[in-house]
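Here is a colleague's note to read with the model open beside you. Take the points one at a time and find each element on screen as you go.

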Amino acid sequence: MLVACVHIPRFAVEVERQRRNDVATRLILIGDAAVFDCSLGAEASGVRQGMRVSEAIGLCHRAVVLPPDLPHYQRRFDEVLDFLENFSPVVESGGLGTAYLSLHGLSVKLEPLTDEVIASLHRWLGFMAAVGIAGGKFTAGVAAQTMRPGLAKIMPPGQEASFLASLPVDYLPMSDSMRWRLGLLGLQTIGDIARLPLGAFQSQFGPKGRRCWELASGIDNEPLVPRVKEETVIRRLQLAARAVTLEAVLVGVERLVYAAYASPDRRGRWARKAVVRAALDSGGTWELAVPFREALADPRDAWFAVKSAIARHPPERPVEELEVELVGLSAESGKQAGMLEGKGKLWRQVEEAARQLRAQEGRAPIGKVVEVEPWSRIPERRAVFIEFDPSA
Amino acid sequence: MAVYLSGHRYAVEAVLETWRIDDEWWREWAVSRLYFSLLLEDGRTITVYQDLVSGRWWQQSY
């Protein structure tokens, strides 16, 4: 099965370069305590992902350090995945910056396809990608990673093992301890692993070792798992002035929640979750996911849940733009009641009321009687009155 | 004979039952009570007890 891998190296850095004019030609480090991503120049200075930022600055003191904005990077990558669906109906995300496309059943010429993908991705979204095409995900991915952005490598069938042979073992999916042990054994390249008998290798490294051996030998049957694109309803609000207080943010979010529920895109469906996002003053994104205990069709119920969540986890800086996304749209949800259940609807209403009171007041002023010492001769010792917890 | 509940006087029609409990004698405040099950003039049945340690009367609302 032919698979194409589209790889945009240093994706987070590219997103930041597009977003901010002041870092277009600077060395960039992205991270808080550890380096999340870095520009090519920083990498050439010895900076690596996962390295402590303080150590990275020592290697690259002229770099600009930016805080990671993961929701924004994911949103930009979702745009890339949406765009790639123009080339294949089966697109799988391989992590930020990497996507796999199934070419099975598509009657396309491979070289024009790779040229078109690279050119149009750059033209429409501004990203320069490398493309690899091979008979499996792993080899296609390695092929894309070994090419410079803007170039493509098409692997003829049956050539996978010979292509991989001279590459270092770091490309294989393995833990640090396995990599260390391979180094002790003098196994430096993928070809070194492929030349070993499977039984001996698997006995040393177990099932993960077997997988590495198979990949090294060009055996890659892992299927593509297409991304599930959920239909959502999004409403945005550009604030005329920065919202500095929580009350101002809540006013904006309330408007958006009601607008999202009133949207014809919702088509009367019930939402299981709301995601509130805000563009923060001087860059960065704040995001809060509010899952509902059950699918909701009434905006008042959704607003109650969203407001409580924001009060507990408010944005830390002033807000310039707000967005509300209703996720998990479904038909009306029903509850499967037990056949012999006596409590039924009334009990569920009590549970829901207790949950909402707890969310609103911090504690639910509902109690229940629990037997403690029913045998006691002292009547008030037989039972106690405790707070009612519907989750217990 | 009558009882006062929440400031109201209710005549006692009958003493239905009486019993005593003595417990937790090992504690500083032992439990020693004399219970009465009473039928009031309005038809209600209540349980009251006299705390034999302090001498005070209480209603037992289970």
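1. A word on conventions. This is a predicted model, in which local features need pLDDT of at least 70, side-chain atom pairs count only at pLDDT 80 or more, and totals for chains, interfaces and linings use all residues. Residues are numbered from 1 along each chain as its sequence is written, while chains are lettered from A and ligands numbered from 1 in the order in which they are written.

2. A helix pair in chain A. Helix H11 (residues 246-262) and helix H12 (residues 299-312) of chain A pack at an angle of about 150°, and their axes are 10 Å apart. Helices are DSSP runs of H or I with at least four residues, strands are E runs of at least two, and both are numbered from the N terminus. Axes are lines fitted to C-alpha atoms, for helices over the stretch in contact, with angles from 0 to 180 degrees between N-to-C directions. H11(A) and H12(A) are therefore roughly antiparallel (the word applies to angles over 145 degrees).

3. Who touches whom in that pair? On the H11(A) side the contact includes Val249(A), Leu250(A) and Tyr261(A), and on the H12(A) side Trp303(A) and Ile310(A) are among the residues. Contact here means C-beta atoms, placed from the backbone, within 7 Å. The residues of this contact divide into 11 nonpolar, no polar and two charged. In this count Ala, Val, Leu, Ile, Met, Phe, Trp, Tyr, Cys and Pro are nonpolar, Asp, Glu, Lys and Arg are charged, and the others, Gly among them, are polar.

4. A sheet in chain A. Four strands form an open, antiparallel sheet in the order S9-S12-S10-S11. Strand S9 (233-243) and strand S11 (285-296) of chain A stand at the edges with a single partner strand each, so one side of each has no neighbour in the sheet. Neighbouring strands are turned by 15° against each other on average, direction ignored. H12(A) lies across strand S10 (271-280) and S11 of chain A, at about 140° to S11(A).

5. One pairing in detail. S9(A) and strand S12 (residues 319-327) of chain A run antiparallel and are joined by seven bridges (strands pair if DSSP finds at least two bridges between them). Look for Ile234(A), which stands opposite Glu325(A) in S12(A).

6. A hairpin to find. Strand S2 (residues 28-31) and strand S3 (residues 35-38) of chain A pair in the antiparallel sense over three bridges. Three residues lie between S2(A) and S3(A) in this hairpin, and Leu29(A) has Cys38(A) as its bridge partner.

7. Two arginines worth a look. Most residues other than glycine have a negative phi. Arg10(A), however, has a positive phi near 50°, and for Arg267(A) the positive value is near 55°. Are they buried or exposed? Arg10(A), in the loop between strand S1 (3-7) and helix H1 (11-19) of chain A, counts as buried with 20 C-beta neighbours inside 10 Å. Arg267(A), in the loop between H11 and S10 of chain A, is exposed, with 9 other C-beta atoms within 10 Å. The cut-offs are 20 or more other C-beta atoms within 10 Å for buried, 12 or fewer for exposed, and partly exposed in between, with C-beta atoms placed from the backbone.

8. Finally, chain B. Chain B has zero helices and five strands. Of its 62 residues, 5% count as buried.

Definitions and conventions. Parallel < 35°, antiparallel > 145°, perpendicular 65-115°, else oblique. Contact = placed C-beta atoms within 7 Å.
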